[in-house]
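Thanks for coming. I will keep this short and go through two places in the chain, then stop.

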Amino acid sequence: MSSHHTSRMLILGSGPAGLSAAIYGARAGLSPIIIEGMQPGGQLTITTDVENYPGFRSAIQGPWLMEQMRAQAAHAGARLMAGHIERVDLSRRPFRLFGDDGEIYEGDTLVIATGAQARWLGIPSESALQGRGVSACATCDGFFYRGKKVVVIGGGNTAVEEALYLTNHSPDVTLIHRRDSLRAEKILQERLFAHPRVKVLWNTAVDRFVADSTSNTLIGIDTVDTLTGMRGHLATDGAFVAIGHTPATTLFQDMLPLDEGYLVVEKGTTRTAVPGVFAAGDVTDKIYRQAITAAGMGCMAALDAERFLAMAEFSRTAS
């Protein structure tokens with residue numbers, strides 16, 4: 001039998017954005033409910049060493065950090081619910097969310113923090129070496145490759161930006177693209193081609209990531225020429241897959257404005273086009289995509305929601 005859950009604040013997603021919103025919402029007395037989704041804790045649960053989250057001198061583990069955030073949110077008074085939402089109704093308040101298990105959630109406000117997933121190549125060796133030399137975030141993991149040889153796979157803005165960023169750490173960066181021209185903006189291409197630490201490997205696809213048999217860490221990539229079919233091998237210490245991200249916005253495609261799949265918010269806020277609905281973290285951020293920026297936006301969303309409710313209450317009592 002399905003249950004009915006109500007709250008002044010519903011939070012969809014349980015990564016840094018969602019949990020930060022929950023902490024602030026709970027402290028404001030809004031008794032938030034977090035629907036955790038298919039991947040409780042978000043992307044950090046599959047991240048090993050985290051060195052760039054403030055407050056920790058040494059590297060910490062991503063899953064541990066999310067466990068601590070989760071515990072903090074629960075301690076503050078948030079309710080964490082295991083579930084996956086398959087349908088939403090934003091046509092009127094309270095907003096309604098319908099779980100695939102029959103659970104129904106109602107909230108006076110909604111914070112969408114469903115995140116974005118990195119796109120991967122989908123080759124068999126890829127998932128086994130994630131965190132062991134294969135990454136989808138140069139800003140997150142580039143520091144680990146100081147003085148080492150790295151490759152970036154892709155041809156758009158993300159790939160070029162990642163390659164340029166990695167030159168801060170690596171003296172040898174190779175951009176690998178399956179075509180003979182890049183899709184990136186012209187100014188980014190100019191910077192890339194002018195950089196002495198970057199080489200470009202054209203018309204080349206990655207066929208396999210190669211691991212050391214003892215340490216099970218990346219030592220190279222097998223390649224194939226997309227024109228001739230000729231196979232090759234390139235030794236490398238790190239490989240960064242930079243073929244874009246897919247924000248988790250399918251539920252809201254016909255309800256909220258999107259920009260390249262990302263939820264659109266009012267500049268300087270987390271407010272969406274529907275009053276009382278807010279968006280935070282990677283689901284609306286196609287530029288930074290960092291745990292710390294997601295957490296900051298979660299804080300903003302909770303404060304925005306609190307102010308929205310206060311104004312709604314004031315309007316009701318004043319009328």
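The side chain of Ser135 comes within 3.0 Å of the backbone nitrogen of Cys137. Bear in mind that this is a predicted model.

Is Ser135 buried or exposed? Its relative accessible area is 6%, and buried means under 20%, so Ser135 counts as buried. Setting aside residues up to four places away in sequence, Ser135 touches Trp120, Asp141, Ala239, Phe240 and Val241.

Ser135 belongs to strand β10. Two bridges connect β10 with β17, residues 238-241, and these two strands run parallel. Within β17, Phe240 is the bridge partner of Ser135.

Now the sheet as a whole. Five strands make up an open sheet with parallel pairing, and the order is β10-β17-β11-β12-β13. At the edges are β10, residues 134-135, and β13, residues 198-201, each of which pairs on one side only. Helix α4, residues 157-166, packs on this sheet and touches β11, β12 and β17. The direction of α4 makes about 170 degrees with that of β11.

Where is Thr45 found? Thr45 sits in the loop between β2, residues 33-35, and β3, residues 49-50. Its relative accessibility is 26%, which puts Thr45 in the partly exposed class, because that class lies between 20% and 50%.

Which residues is Thr45 in contact with, leaving aside neighbours within four places in sequence? They are Gln39, Pro40, Pro63 and Met66. Gly62 is 17 residues from Thr45 in sequence, and the C-alpha to C-alpha distance between them is 5.4 Å.

Conventions: Residues numbered from 1 in each chain as written. Predicted model: local features only at pLDDT ≥ 70, side-chain atom pairs only at ≥ 80, totals over all residues. Heavy atoms only, no water. Helix = DSSP H or I, 4+ residues; strand = E, 2+ residues; numbered from the N terminus. Buried < 20%, exposed > 50% of the residue type's maximum accessible area, 1.4 Å probe, protein only. Contact = heavy atoms within 4.5 Å. Pairing = 2+ DSSP bridges. Axes fitted to C-alpha atoms, helices over the stretch in contact; angles between N-to-C directions. Polar contact = N/O pair within 3.5 Å; in protein donor to acceptor, adjacent residues only side chain to side chain.
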